[in-house]
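Subject: A structure for you to look through

Hi,

Here is the structure I promised to pass on. Have it open while you read, and look up each residue as you go.

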Amino acid sequence: MEHSWIGWIIFLPLLGFVFNIFLGKKVSNTLSHLVGVGAVFGSFLLSLTAFRLLRMPGSEDSLTQELWTWIRVGSGTLPTLDLSVALTVDHLSAVMLLVVTGVGTLIHVYSIGYMKGDPGYGRFFSYLNLFSFSMLLLVLADNMLLMFVGWEGVGLCSYLLIGFWFKHLPNTTAGNKAFIVNRIGDFAFVIGLMLLFWGLHRAGHASLRFSDINLYASSLAGDRVLGLPLLDAIGIFFFIGATGKSAQIPLFVWLPDAMAGPTPVSALIHAATMVTAGVYMIGRLNGLYSLAPIALATVATVGALTAVFSASIGLVQNDIKKVLAYSTVSQLGYMMLAMGVAAYSAGIFHLVTHAFFKACLFLGSGSVILAMHHEQDIRKMGGLAKKMPWTYGTFLVSTIAIAGIPPFSGFFSKDEILWKTWESGHHFLWFLGMLGALMTAFYMFRLVALTFFGENRADEHTREHLKEQPAVVVGPLVVLAFLAAIAGFWGVPHALGGSNQFQQWLEPVMSSPHASWQAPSLTPPALASETEHVQLHRHEEDESPAEVHEESYGHEEHSEESHGEHHAVDPMEYVLMAISVLLAALSGGAALWIYTKRPDLPGKWAEKYSKLYQLLLGKYFIDEIYDAAIVKNLFRLMYRLARFDLLVIDGIVNGAAHVTRWTAIFSGWFDNTFVDGMVNGTASTARWAGSHLRKLQTGRIQSYVYAVATGVVILAVLGLIVGFPR
């Protein structure tokens, strides 16, 4: 059924952007932020309406609106493509809508206090609205091409917001870095898009709609490209695109530098919008990925390595926002790990809980930075718990949540990922995930201890002015901390007496949560027997795609029996859960004890293990390696190409121009001197002769008689002298 109001979910932020970008300087700051906040809040209310409609008994599986026909090309033997600008709210996009608009609204409200007095106040809210519009377009797009428009939109907005204070070189450099690194991933995304369309066209299903992709992905089985099965190649190229947006190895380097932007930007990018795009994209294409075991293996391995790698860097960072930035990279690794073991709903669940506690942590760090007069080094902080009780309380709640301590939300979502990883047989990846969880608890409680406990280490002037921030800053922190505390109860696993309602909610759009590259017997029907393939294609001829989709993924086949199987709890799940909680508690407690009771130990360890410490402090020198191996070589290549262009290309062009110029000058001189001289000389001679000969034509009879007589006399004289002719 068509729902004509869905478009307003994206258009309200777009209108907010247009208003503030053109009128932001002409209206008051109050009107600017009222429009900016109101636009996103309006989208949140509409998103809430869509969510409630989907929850109603007997409701549709999705709400759609087709805005206009976008692309309609090809016919006959040429590939055909028929796409519309169409928006779809289903169970997956509804969750994302609530995260983007809900957390986004709180960040907009927070920005009122954080950006107070900034000369670019209206411009800031216009960029925030544009960011929200782009992310919402990405989420609501019903096809890959429209998603790519939103995908590029968030990339552009990240560039604008990270470099918002563009008069400072580090900010513009960070914005450029984010933009360029993401273009690398986007290039791979485009290749994946073309491969996908090419494969579907060959199979007779030329389409880029998500429903068609997941439905007909099985028709690509057997095709190969670059030595890989086509499905795996497509999945890997798309994942490379995701490594850019979601900051995975090796394209994660832009995210920590993105801290150069205002803190609300960091919260928006790290929690609710851009970095979640890659995870969402894989979740949206779960039907395709479930048929691509090599791609799944790549996703899971890179995700697990990213989780550990980034967490180890976070252990020793001293910039409060940098610690949180590497934490974000690490948590995104967990989400990718979940996607890689085909536990799609677990990955999306962690995306949701992470949005709450990470947004709270970033906004809390912004509150601390404001109080500390823009000091971000946690070694110069301390003792803020008494001065800023609201900020401290909310920060602590979110820290407990991300550390994975029950009953806060991070425990449920992270434990679900670790269990699914173990359950699917990837015990080494589980070990990496557990190691990352151990380090997460340590660096987060280290951050709490150095920031909020002990004596304040700032200068006297800063200490005298330490105070809690106003309600417009603290209010969003309280809401986010509350959500970070309770959101996990939406996904309480069967092992703890729950029914994992979050997983059930996503079942209409998620394939089997157990599909994995090492568990082919549990993969979706597309990898099932040949008989089922035949049945599937037979159904395609007789039934609508939607009906085939539902049937093929067994969404209506989650019988009581199958749920009964899910309810059978493996005792190992309790063991792993206990290990996870115990390690998190011990790690967090150790960090608190060390940095409050024995602050001398970190210095001694850093001195004793100086090489390891410097390696972690230097972030494994990845930036330096990239700089030496890639950036400098690219600059050298660019310099040589520029010299070649200057000396050879420009030399040829300029030389040809000089030759042409001198040829033209000589030709002009020859033409003016000789050609024109001859022509003009002839004309002058004729004119001169004419001017003198015309004097002979006087019209007087006497003159003519005299002339004839003179001539006769002359001829007579000549005759007498030389003789008359005979």
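Below are my notes, going from the whole chain down to single residues.

First, some ground rules. This is a predicted model, in which local features need pLDDT of at least 70 and side-chain atom pairs count only at pLDDT 80 or more, while totals for chains, interfaces and linings use all residues. Residues are numbered from 1 along each chain as its sequence is written, and side-chain values use heavy atoms, with hydrogens and water left out.

**The whole chain**

The protein chain has 30 helices and 4 strands. (Helices are DSSP runs of H or I with at least four residues, strands are runs of E with at least two, and both are numbered from the N terminus.) The radius of gyration is 38 Å, well over the 27 Å that the globule rule gives for 726 residues, so the chain is more spread out than a compact globule. (That radius is taken over C-alpha atoms, and the rule is 2.2 Å times the number of residues to the power 0.38.) Along the principal axes, the C-alpha atoms fill a box of roughly 155 × 80 × 50 Å.

How much of the chain is buried? Of the 726 residues, 52% count as buried. (Buried means under 20% relative accessible area, exposed means over 50%, and partly exposed is in between, with a 1.4 Å probe and protein chains only.) Take the contacts between residues at least 6 apart in sequence: 78% of them join residues at least 24 apart. (A contact means heavy atoms within 4.5 Å.)

Helix α6 covers residues 169-202, and its 34 residues should span 50 Å at 1.5 Å a residue; the end C-alpha atoms are 49 Å apart, which agrees. (The expected span is 1.5 Å times one less than the number of residues.) Just after α6, G204 takes a positive phi of about 85°.

K177 forms a salt bridge with D257, with the closest N and O atoms 2.8 Å apart. (A salt bridge is a side-chain nitrogen of Lys or Arg within 4 Å of a carboxyl oxygen of Asp or Glu.) This pair links distant parts of the chain, as K177 is in helix α6 and D257 in helix α9 (residues 254-257), 80 residues apart. K177 is partly exposed at 21% relative accessible area, and D257 is partly exposed too, at 23%.

**Other salt bridges**

How many salt bridges does the structure hold? There are 15. One of them pairs D82 with R72, at 3.4 Å between the closest N and O atoms. D82 lies in strand β2 (residues 81-90) and R72 in strand β1 (residues 62-73), so the pair ties together parts that are 10 residues apart in sequence. D82 is partly exposed at 37%, whereas R72 is exposed at 60%.

Another joins K420 and E423, at 3.8 Å from N to O. They are 3 residues apart in helix α18 (residues 409-423), which means about one helical turn separates them. K420 is buried at 10%, but E423 is partly exposed at 39%. There is also a network: E152, R183, D186 and K245 are joined by salt bridges that share partners.

L720 is found in helix α30 (residues 701-722) and is exposed at 69% relative accessibility. T462 lies in helix α20 (residues 460-464) and is buried at 5%. Leaving aside neighbours within four places in sequence, T462 is in contact with A371, M372 and H373.

A342 has a positive phi of about 65° although it is not a glycine. A342 sits in the loop between α14 (320-340) and α15 (344-371) and is buried, at 0%. H374, also not a glycine, has a positive phi of about 70°. H374 lies in the loop between α15 and α16 (384-387) and is exposed at 56%.

Happy browsing!
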